[in-house]
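The sequence and the model come first.

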Amino acid sequence: MAGAALQASAEGFLTVVVHSHVFFLTRDPVSVPIARRRVRTCVVGWGPLLDADTRLALDTVTTELVTNAVRHTQRPMLTVAVYVSVRLRRVLVEVYDGSIALPRRRRAGADAESGRGLELVECLALAHGAELTERGKRVWAELALPEQPVTRRQLLAGPRRAVRAALRVIPRPGRSPIRPPFAPGSTRPRTAA
């Protein structure tokens, strides 16, 4: 299913999702690299440019979410959904499975081969969570996309928006950050302008 959708994250803020795709996988370890490849292909196909760090974060989070679903559910199928808002520079990856056991953070020993997945997701995602659904649970993670270059569509959409977008990406060497003026009652001393 592709198209425009409206998606709310667990924190309750509402984002307009420009692109979405939902696909189904069998509960098999072979599904993990398939899910990783399909999520990355969808995101890249929708236009945002990914740097190496974002690509690694997207692959790792997708791998961890799908691996946990494969290991901890008994149902034969899982559902993976990916949503992208290029304007907000966000990617939301969701995995639905038939288990009602919510993921929990574990303390993995130094030599342990598993148990660090939720820690990785926590480190790489802007937000993440899990909740029960009518047929199991939904585990999700929201990632940031890197700053995107100004597109031709933005330039044609409106001159003011295009100029603002272009100014955001043009480096301004030698320009100091804007400082608010001294306000009575603040502890910052007044500097000469």
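How many bridges join strand 6 to strand 7? I found 7 bridges between strand 6 (residues 127-133) and strand 7, which run antiparallel. I took helices (H or I, at least four residues) and strands (E, at least two) as DSSP runs, numbered from the N terminus. I treated two strands as paired if DSSP finds at least two bridges between them.

I noted the basis of the entry: this is a predicted model, in which local features need pLDDT of at least 70 and side-chain atom pairs count only at pLDDT 80 or more, while totals for chains, interfaces and linings use all residues. Residues are numbered from 1 along each chain as its sequence is written, and side-chain values use heavy atoms, with hydrogens and water left out.

**Overall fold.** I counted 5 helices and 7 strands in the protein. Along the sequence I read the pattern β-β-β-α-α-β-β-α-β-β-α-α. Of the 193 residues, 35% count as buried (under 20% relative accessible area, with exposed over 50% and partly exposed in between, for a 1.4 Å probe and protein chains only).

I traced an open sheet of 5 strands in the order 3-4-5-7-6, with antiparallel pairing. Its edge strands are strand 3 (19-26) and strand 6, each pairing on one side only. Neighbouring strands of this sheet are turned by 15 degrees against each other on average, direction ignored.

**Strand 7.** I looked up strand 7 (residues 136-144) and found 8 of its 9 residues buried. Strand 5 (residues 90-97) pairs with strand 7 in the antiparallel sense over 8 bridges. In this pairing I located arginine 90 opposite alanine 144 and valine 93 opposite alanine 141. Strand 6 and strand 7 form a hairpin with 2 residues between them, and leucine 132 stands opposite lysine 137 in strand 7.

**Helix pair.** I examined helix 1 (residues 31-45) and helix 2 (residues 52-72): their axes come within 9 Å and cross at roughly 140 degrees. Helix 1 is therefore oblique to helix 2 (angles under 35 degrees count as roughly parallel, over 145 as roughly antiparallel, 65 to 115 as roughly perpendicular and the rest as oblique). Axes are lines fitted to C-alpha atoms, for helices over the stretch in contact, and angles run from 0 to 180 degrees between N-to-C directions. I listed the residues in contact (heavy atoms within 4.5 Å), among them Val39 and Val43 of helix 1 and Leu58 and Val66 of helix 2.
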